[in-house]
Amino acid sequence: MYRYDQYDHQLVKERVAQYRDQVRRRLSGELAEDEFRVLRLQNGLYLQRHAYMLRIAIPYGLLSSQQMRMFGHIARTYDRNYGHFTTRQNIQFNWIELEKSPDILEELASVEMHAIQTSGNCIRNTTSDELAGVAADEIIDPRPYAEILREWSTFHPEFAYLPRKFKIAISGAKEDRAATAVHDIGLHVLKNEAGEVGFRVMAGGGMGRTPILGSVIREFLPWQHALTYIEAILRVYNQYGRRDNIYKARIKILVKAIGAETFAAQVEQEWQDIKDGPATLTIEELNRIAQYFTAPDYEALPASDASFEQHRNDNKAFSNWLKRNVKAHKVSGYAAVVLSLKKTGVPPGDISAEQMDFVADLADRYSFSELRVTHEQNLVLADVRQSDLFALWEEAKSHGLATPNIGLLTDIICCPGGDFCSLANAKSIPIAQAIAERFDNIDYQHDIGEIELNISGCINACGHHHVGNIGILGVDKDGSEWYQVSLGGAQGNQASVGKIIGPSFSAGQMPVVIERVLNVYVQQRTEDERFIDTVRRLGIGPFKEHVYATPIKIDLLKGEDAYV
């Protein structure tokens, strides 16, 4: 993985010193909160309902075991013994004291990490495929390009104050596991007929108040021009993006307003002036970065291990875990393992300090001391020997990290919601927990198959509810918390935005609503048809009809029954 050079170290060191002085001036009263706000946000510090929240960047989702141990240290020393992994491959700590926040940044710098540009109207953390470098369907490893984007975008003076925040995702495999269609820029690595490497470029994707899938504005961009072309996109957006209305300031609004073809033409015109300029990539620069992402020292292993096969045949629980949590690896005898952070009773994406240390130990023993963070809020050990899978499973199970539910109903994506976020209209975590508890039957989940259920506490869509097969959005109704349900959303190669089925529901109704939706699916599905396939075939009509057919009985807090 990438290691800081002298410039990285110096930049981060100077930023920590600068921020420490800003905090001192805020605490002494020299800076008012309005003046300090923009400064702290540049360093990832948000003021939420109960305390400050610090968001730390995990570039393209890649972590060393040493960095994970630092997260455990921060959780114990500065927070309440846990952290929360987000849908953008970051980690958040929700109980930070302002006066101690510079110390956290200084400690992060010691393990080559920071919180720079995790907030504000700038280019945020570039995200990528959690299986980058090991995926069996990979075309080109996207991590060197993601790192080049990180270096280029950090402290870029021209794009420090964009009309709104800006997010880039890059995928290097046949299957898009980076949700590129819902990013401001989505890059797909590919090869043309001549075998040359380039990118298919999408722009104008995003969720929030106006969910839009990105439009392809260039089918093939030679890799040498990745930075110059992205710079042209940002220049057009920076010049023409709206600054008079925060709700219409994202690039998706600009692309929709003028049309993808017109936007692409404007980018092309801007690009002609800079395409062969200093930002043009060279093979020497690509090789300099690529050296940090060379394959580890893999052993020559057989394609199948006898002991592993016996455990799989004799142990149903282990077999279920293999089906859901273990992914194919491009090197024979190895596998990628997803550690589920979705155990019933635990907020999705949360991990304790003790688990952080434990996962770091697992990475050291089983996966060349590296970890990945997924945008589904789970963790990945990318290079596990097949012969070690059973031992790893037993250890992970003992620490609550082996729930065999990856891609299933209880693998819920969920933002912190109203329990923490000051922007939220409603709580997300209790809804996720209530649904997980109602369907906490692995056999049932395996029977109904792949379903993505995503929950957001407000229209900002941090829980990616728009692209959930089942999406749940918290809304305010006369000062109380209600929940809007959509069906048919999806990420990946066949991305789609879900459609709202009708009026919103109370918190107590939500588990029954989901049950009714699933009943229609089970009754109407064809053999081997996934939930999303059934929704696309039938439309939302049959689901809507069944959900609203009769009042939903819920248990009120006082114990009596009611129909709503």
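Angles under 35 degrees count as roughly parallel, over 145 as roughly antiparallel, 65 to 115 as roughly perpendicular and the rest as oblique. The axes behind such angles are lines fitted to C-alpha atoms, for helices over the stretch in contact, and the angles run from 0 to 180 degrees between N-to-C directions. Everything here comes from a predicted model, in which local features need pLDDT of at least 70 and side-chain atom pairs count only at pLDDT 80 or more, while totals for chains, interfaces and linings use all residues. Residues are numbered from 1 along each chain as its sequence is written, and side-chain values use heavy atoms, with hydrogens and water left out.

Helix H1 (residues 6-28) and helix H4 (residues 101-109) have axes that come within 9 Å and cross at roughly 175°, so the two helices are roughly antiparallel to each other. On the H1 side the contact (heavy atoms within 4.5 Å) is made by Val12, Val16, Tyr19, Arg20 and Val23, and on the H4 side by Ser101, Pro102, Asp103, Leu105, Glu106 and Ala109. Sorted by type, the residues of this contact come out as seven nonpolar, one polar and three charged. For that sorting, Ala, Val, Leu, Ile, Met, Phe, Trp, Tyr, Cys and Pro are nonpolar, Asp, Glu, Lys and Arg are charged, and the others, Gly among them, are polar.

Burial is judged by relative accessible area: under 20% is buried, over 50% is exposed, and in between is partly exposed (1.4 Å probe, protein chains only). In strand S9 (residues 197-203), six of the seven residues are buried, so the strand is largely enclosed by the rest of the structure. Two strands pair if DSSP finds at least two bridges between them. Strand S8 (residues 185-191) runs antiparallel to S9, and seven bridges join them. Gly186 has Met202 of S9 as its bridge partner. S8 and S9 form a hairpin with five residues between them, and Gly195 in the turn has a positive phi of about 85°. S9 also pairs with strand S10 (residues 215-222), in the antiparallel sense and over five bridges; here Met202 stands opposite Val216 in S10.

Six of its seven residues are buried, so S15 is largely enclosed by the rest of the structure. Strand S12 (residues 334-339) pairs with S15 in the antiparallel sense over five bridges, with Leu339 opposite Leu379. Strand S14 (residues 370-373) is also an antiparallel partner of S15, over two bridges, and Arg372 has Val380 as its bridge partner. S14 and S15 form a hairpin with five residues between them, where Gln377 in the turn has a positive phi of about 70°.

On to charges. Side chains of opposite charge can pair when their charged atoms come close. With a salt bridge taken as a side-chain nitrogen of Lys or Arg within 4 Å of a carboxyl oxygen of Asp or Glu, the count comes to 38. One of them joins Glu299 and Arg385 at 2.9 Å, N to O. Glu299 sits in the loop between helix H9 (283-290) and helix H10 (306-314), Arg385 sits in strand S15, and the two are 86 residues apart. Glu299 is partly exposed, with a relative accessible area of 40%, and Arg385 is partly exposed at 27%.

Another salt bridge joins Glu270 and Arg235, with the closest N and O atoms 3.4 Å apart. Arg235 is partly exposed, at 23%. Elsewhere, Asp21, Arg24, Arg25 and Glu30 are linked in a network of salt bridges.

Gln67, in helix H3 (residues 65-78), is buried with a relative accessible area of 6%. Not counting residues up to four places away in sequence, Gln67 touches Met1, Leu62, Val111, Glu112 and Met113. Asn469 lies in the loop between strand S17 (453-456) and strand S18 (470-477), and at 4% relative accessibility it counts as buried.

Key. Helix = DSSP H or I, 4+ residues; strand = E, 2+ residues; numbered from the N terminus.
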